[in-house]
Amino acid sequence: MTFLYQFNKNGTKAEGYLKAVDESEAKAKLEAKFPKATKTKILGLEPVYVAITRNTRMSAFKGRPLAGACQGLKASDALKIVEFSPKKAAGIIKKTILSALANAANNDGVADASGLTVRMCVFEESVRMRRYWPTARGSAHPIARRLCHCRVVLAETKKTKKGAK
């Protein structure tokens with residue numbers, strides 16, 4: 001199971017991922033990673049379900065607006081948005097969300113995967129394929145064909161109290 005932890009180090013908030021069998025093992029690994037001598041405070045620990053689609057033949061810049069629109073929505077609502085989008089990124093996000101839902105159901109035994117929300121949906125730069133375009137007098141211009149990774153993180157929907165902001 002994958003856990004997302006938030007920590008505060010020297011006044012700066014950050015987060016990271018940790019693989020562990022259960023929450024007690026995750027806490028033990030965090031205590032080993034951040035001993036009391038380092039002035040790092042663990043703010044939270046929650047189980048998440050991650051899926052990554054790697055080396056997709058598309059620029060990350062083109063997928064980021066649609067990925068930003070999916071963040072914070074329920075997984076079913078995010079799938080509805082990407083299903084009706086004509087962009088190439090929509091197919092990649094749909095495939096990755098479905099993979100994250102399958103990971104939650106099969107690997108971690110989540111009974112009701114429909115209650116999960118898209119905690120994070122990002123497109124990250126990957127390697128570039130180097131190509132050359134032949135030009136006059138035997139020279140060539142370089143071309144960079146960009147590739148990207150799509151990462152989707154699903155988390156449980158947090159229950160908020162009525163009237164709380």
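Student: Is Lys-29 buried, partly exposed or exposed?
Tutor: This is a predicted model, and in it Lys-29 is partly exposed, with a relative accessible area of 35%.

Student: Which side chain does Lys-29 meet in a salt bridge?
Tutor: Glu-25, at 3.7 Å from N to O. Glu-25 is also in the partly exposed class, at 28% relative accessibility.

Student: Where do Lys-29 and Glu-25 lie?
Tutor: Both are in helix α1, 4 residues apart, which is about one turn of the helix.

Student: What does Lys-27 pair with?
Tutor: Lys-27 forms a salt bridge with Glu-23, and their closest N and O atoms are 3.9 Å apart. These two sit 4 residues apart in helix α1 (residues 23-33), so about one helical turn separates them. Lys-27 is partly exposed at 44% relative accessible area, and Glu-23 is partly exposed at 39%.

Student: Why would such side chains pair at all?
Tutor: Side chains of opposite charge can pair when their charged atoms come close.

Student: How many salt bridges are there in the whole structure?
Tutor: A search finds 5. One of them joins Arg-119 to Glu-46, with the closest N and O atoms 2.2 Å apart.

Student: Which parts does that pair tie together?
Tutor: Arg-119 lies in strand β4 (residues 116-134) and Glu-46 in strand β3, so the pair links parts that are 73 residues apart in sequence.

Student: And are they buried or exposed?
Tutor: Glu-46 is buried, with a relative accessible area of 12%. Arg-119 is partly exposed, at 30%.

Student: Which residues are linked in a network with them?
Tutor: Glu-15 joins Glu-46 and Arg-119 in a network of salt bridges.

Student: New topic, strands. What does β1 pair with?
Tutor: β1 and strand β2 (residues 12-19) pair in the antiparallel sense over 8 bridges. β1 also runs antiparallel to strand β3 (residues 40-56), joined by 8 bridges.

Student: Which residues face Phe-7 in those strands?
Tutor: In β2, Phe-7 stands opposite Ala-14. In β3, the bridge partner of Phe-7 is Ile-42.

Student: What's in the hairpin of β1 and β2?
Tutor: There are 2 residues between the strands, and Asn-10 takes a positive phi near 55°.

Notes: Residues are numbered from 1 along each chain as its sequence is written. This is a predicted model: local features need pLDDT of at least 70, side-chain atom pairs count only at pLDDT 80 or more; totals for chains, interfaces and linings use all residues. Side-chain values use heavy atoms; hydrogens and water are left out. Two strands pair if DSSP finds at least two bridges between them. A salt bridge is a side-chain nitrogen of Lys or Arg within 4 Å of a carboxyl oxygen of Asp or Glu. Buried means under 20% relative accessible area, exposed over 50%, partly exposed in between (1.4 Å probe, protein chains only).
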